[in-house]
Amino acid sequence: MSEDLDPTLQQARQRWQQVARFKLRHLVLLDAIGELQNLRLAAEHTYMTQPAASRMLKHIESLLGMPLFKRGKHGLRPNPEGELMIRYARRMINDLQAAQHELQQREGGLTGSIKVGAVQSSASQILPRSVARLLSQHPGLHISIQEGESHMLADALRAGKLDLLVGRLNTGSTHHELNVEILSTEPFVVVANCHHPFAKRSQVQAHELVAEQWILPPRTTPIRHVFDSLFIKNIQQTPERVIDSVSLSFNQVLLQEMQCLAILPRTTALSLEKQGLLRILSFELGQLFGALTIVTLKNGIPRGGVQALIQTLRNTAVREQTDPPSNLKSTDAP
């Protein structure tokens, strides 16, 4: 009687039958091949023989009616359709794991893992303080932090390798797959070690700063682009003596070892200044570098631990909001 069905219902039934043929082990194999790009290693990872994995992959491609990988001497490389299927397979696996964690949470405190991406050049005190507060309430959680540049971490978030991202991403249309929530409008400041000639100056001008040695994020980062634009606008030139680095720990050591300047989020700089490790210079950068944001997948459903971290980030950001110190004024500021 299927020929008597309404065409819309017939199409729905066909779609369901196609989806129903997919098994969880199909998704696990796709995820493993996408990660390892080698069928033998993927087979070992999923506890199968290589011939069995090969047959399963052919079956998956037969169900979809299209190839997903390019075969070559160096292994399997996903084509665009393969990348799409791997991304969705990874999301479904993560969702199933999240459901398991949610069930465990009903028996006690929050448990499970949270994978957070942190944009290095946007390093802020808000994230570590939020993690500390959350773990004090839910010690059963496991939180891992992956640092990197914004575009790399955004790709990892889309691929399901991260649960959320904390950084300075704009809210424009280029991130249509992502939900970008403004967390804080914390400004950046210019810093130097306590013995730098500018450390005790009540006023510093742009033409003096441009000749100094700097530690800055690479030119490929949005923050560096905005920084250079600020100097071009004010004095038609940018600093030439620059060490490219996005490592906060490396930058802190280098600031102590040589006379140089760097830029840091204000809360980070204030914390280090209180410890006597550096000085904030009297030159205002303002809000030019954009807001600190929480970034999640637009169509994702954050599990309990992730939701708890997001709320803790919001609460911590509210606590961190203070008036700018008076020593951040400069007549040469833009």
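## Core packing and helix contacts in a predicted model

In this predicted model, Ile 114 touches Leu 134, Leu 141, His 142, Ile 143, Ser 144, Asp 163, Leu 164, Arg 303, Gly 305, Val 306 and Leu 309, leaving aside residues up to four places away in sequence. A second, separate core has 20 residues, Phe 188, Ile 235, Leu 261 and Ile 263 among them.

Ile 114 also belongs to the largest nonpolar core, which holds 21 residues; together with Val 116, Leu 164, Leu 309 and Leu 313, Ile 114 touches the most other members. Two or more residues of this core come from each of β3 (112–119), α6 (126–137), β4 (141–148), β5 (164–167), β12 (292–297) and α12 (304–320). The greatest contribution, six residues, is that of α12. In soluble globular proteins, nonpolar side chains tend to be buried together.

Helices α2 and α4 form a further contact. Their axes come within 10 Å and cross at roughly 105°; because angles of 65 to 115 degrees count as roughly perpendicular, α2 is roughly perpendicular to α4. By class, eight nonpolar, two polar and one charged residues make up this contact. The table lists the residues on each side.

| Helix | Residues in the contact |
|---|---|
| α2 (residues 24–36) | Arg 25, His 26, Leu 29, Leu 30, Ile 33 |
| α4 (residues 50–64) | Ala 53, Met 56, Leu 57, His 59, Ile 60, Leu 63 |

Helix α11 (residues 266–274) has Arg 266, Thr 267, Thr 268, Ala 269, Ser 271 and Leu 272 as its buried residues. These pack against α6, β7 (188–192), α10 (248–257), β10 (261–265), β11 (279–284) and α12. Just after α11, Gly 276 adopts a positive phi of about 75°.

Conventions. Residues are numbered from 1 along each chain as its sequence is written. This is a predicted model: local features need pLDDT of at least 70, side-chain atom pairs count only at pLDDT 80 or more; totals for chains, interfaces and linings use all residues. Side-chain values use heavy atoms; hydrogens and water are left out. A nonpolar core is a set of buried Ala, Val, Leu, Ile, Met, Phe, Trp, Tyr and Cys residues joined through side-chain atoms within 4.5 Å. Buried means under 20% relative accessible area, exposed over 50%, partly exposed in between (1.4 Å probe, protein chains only). Helices (H or I, at least four residues) and strands (E, at least two) are DSSP runs, numbered from the N terminus. Contact means heavy atoms within 4.5 Å. Axes are lines fitted to C-alpha atoms, for helices over the stretch in contact, and angles run from 0 to 180 degrees between N-to-C directions. Angles under 35 degrees count as roughly parallel, over 145 as roughly antiparallel, 65 to 115 as roughly perpendicular and the rest as oblique. Ala, Val, Leu, Ile, Met, Phe, Trp, Tyr, Cys and Pro count as nonpolar, Asp, Glu, Lys and Arg as charged, and the others, Gly among them, as polar.
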